[in-house]
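Here is a short report on the fold and on one helix in it. Please keep the sequence and the model in view.

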Amino acid sequence: MITLTEMAIAAVKGVISQAPEPVTGLRITVEMDGCAGIKYNVGLESDSREGDAVIETGGVKVFVDADSQPHIAGSTLDFVTDPVSFGFIFDHPDPLEKCACGKSCG
């Protein structure tokens with residue numbers, strides 16, 4: 001459903017290890033927003049919810065709710081740290097439109 005790069009896996013593990021409360025993985029949700037029509041939200045999660053897809057990769061769990069699953073399918077999640085951008089970047093093979101706002105997939 002979604003692939004995490006080695007950089008993304010390392011970033012998630014680092015954030016989980018520093019979380020003030022116990023968490024087991026990363027939750028990804030999608031909102032219809034942003035200039036490309038889709039806004040990706042990423043946060044820490046302690047457990048799966050009903051209807052979630054749970055993807056385990058590189059020792060990291062990713063939770064995706066049922067409504068978000070079609071928008072995540074085939075995506076790659078990367079983590080970048082360069083002078084221009086910092087954070088998680090989604091790469092979807094079939095975006096609705098090209099993103100220019102920095103909140104949507106492009």
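From the N terminus on, the elements run β-α-β-β-β-β-α-β-β. That comes to 2 helices and 7 strands. Helices (H or I, at least four residues) and strands (E, at least two) are DSSP runs, numbered from the N terminus.

This is a predicted model: local features need pLDDT of at least 70, side-chain atom pairs count only at pLDDT 80 or more, and totals for chains, interfaces and linings use all residues. Residues are numbered from 1 along each chain as its sequence is written, and side-chain values use heavy atoms, with hydrogens and water left out.

**Whole protein**

Buried residues make up 35% of the 106 residues. Buried means under 20% relative accessible area, exposed over 50%, and partly exposed in between (1.4 Å probe, protein chains only). Among contacts (heavy atoms within 4.5 Å) between residues at least 6 apart in sequence, 53% join residues at least 24 apart.

**Helix 1**

Helix 1 covers residues 6-18 and has 13 residues. From its first C-alpha to its last it reaches 19 Å, close to the 18 Å expected at 1.5 Å a residue. The expected span is 1.5 Å times one less than the number of residues.

Which residues of helix 1 are buried? They are Ala-8, Ile-9, Ala-11 and Val-12. These residues lie on the same side of helix 1, because they cover an arc of only 165 degrees around the axis. The arc is that of the directions from the helix axis to the C-beta atoms. On the other side, Glu-6, Ser-17 and Gln-18 are exposed.
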